[in-house]
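The sequence and the structure are shown first.

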Amino acid sequence: GKLFVAKRAWTLKELKARPASTHREDDKPVIDDKALKGRAERCNYYLDIEQHCLSKISSEATREVRAPKFVGKYRDDSDKKDDWLLFEMITRNKDDKSVAKTLKELMDLDWISQHRQDDGGKNQNHHLYLVHKELGLDESATFDDTLDVVLLGLLKAIVGVHELNIVHRDFKPDNLIVDGEKKDFMLIDFGSAQDIDVLKKMIFVL
C-alpha cells in the first residue's frame, strides 16, 4: 500500500517547552509569551500558505510539477484537534521504500565521506558521490556528470512552480528531496511561498 507523511504547525505549548536558545528572531532572543504566541500564529499561517500552494499544484493535472503529492488537510481526533497536511511519502526508489533523503543530508554525508578518505590518504570517490548513488546514476558517472544532473533537476523543480506563478522563496538543499526513481528532485516546504496570482488580485482590489 501507499505510505504517507503528515505535518502540522507548532503549538504555543510546544514552543514554550523548547529550549530558550531556539527562540530567536533577527538574531535576538524571543522570551515573552506575547512573542511566542505571535510565532505560533505565524506557524499556522505558514501551514495555510503551504496548503494553498500545494492544492494549486495538485489541481494542475496537465503539468508535472516536482512537488509531493498533496492528499489533503485533516483534523485529528485528539483533544487538541490539530490540523495536519497529508502527503504521499517520497521513497528512495522503486526497490527501496524507505523515506528519501534531502539534498542537504546527502551533501553532508558526502562531506564526511570525503574527509574520512582524505584522512586515510585515499580519495577514490568524487565530491558528490553519494548524491550520484542516490540519483541512481551509472557507476561510471563522474563529478561533472552528477553536477549536470543536479543542476538540471534544480532548474526543473523551480521552473515547474514558477510556471504556476508560485515563488517558493526558500529554495535550498534542505527543501529538495532526491527522487532516485526519476533521477531528479522534489521541492518541499511551501510555507514561505507566494502565489503571484493571489498577490495580483490583492493589488487589483486595493
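## The largest pocket

In this predicted model, the largest pocket has a volume of about 380 Å³. Its lining is made up of 17 residues, of which Trp 10, Arg 42, Cys 43, Tyr 46 and Asp 189 are the closest to the centre.

Helix α2, spanning residues 33-59, supplies the largest share of this lining, with six residues.

## Glu 50 in helix α2

Helix α2 also contains Glu 50. Glu 50 counts as buried because its relative accessible area is 4%, under the 20% cut-off.

Two polar partners of the Glu 50 side chain can be named. The side chain of Lys 7 makes a polar contact with that of Glu 50 at 2.7 Å.

## Helix α5

Helix α5 comprises 20 residues, 143-162. From first to last C-alpha it reaches 28 Å, close to the 28 Å expected at 1.5 Å a residue. At the start of α5, the backbone nitrogen of Asp 144 has a side-chain oxygen of Thr 142 within 3.4 Å.

The buried residues of α5 are Thr 146, Val 150, Gly 153, Leu 154, Ala 157, Ile 158, Gly 160 and Val 161. Viewed down the helix axis, the buried residues of α5 fall within an arc of 160°, so they line one face of the helix. Asp 144, Asp 148, Leu 152 and Leu 155 are exposed on the other side of α5.

Definitions and conventions:
Residues numbered from 1 in each chain as written. Predicted model: local features only at pLDDT ≥ 70, side-chain atom pairs only at ≥ 80, totals over all residues. Heavy atoms only, no water. Helix = DSSP H or I, 4+ residues; strand = E, 2+ residues; numbered from the N terminus. Expected span 1.5 Å × (residues − 1). Buried < 20%, exposed > 50% of the residue type's maximum accessible area, 1.4 Å probe, protein only. Arc of directions from axis to C-beta. Polar contact = N/O pair within 3.5 Å; in protein donor to acceptor, adjacent residues only side chain to side chain. 1 Å grid on protein atoms, 1.4 Å probe; cavity = no way out; pocket = protein on both sides within 12 Å on 5 of 7 lines; lining within 4 Å. Points joined across faces, edges and corners; volume = space filled by probe spheres on them.
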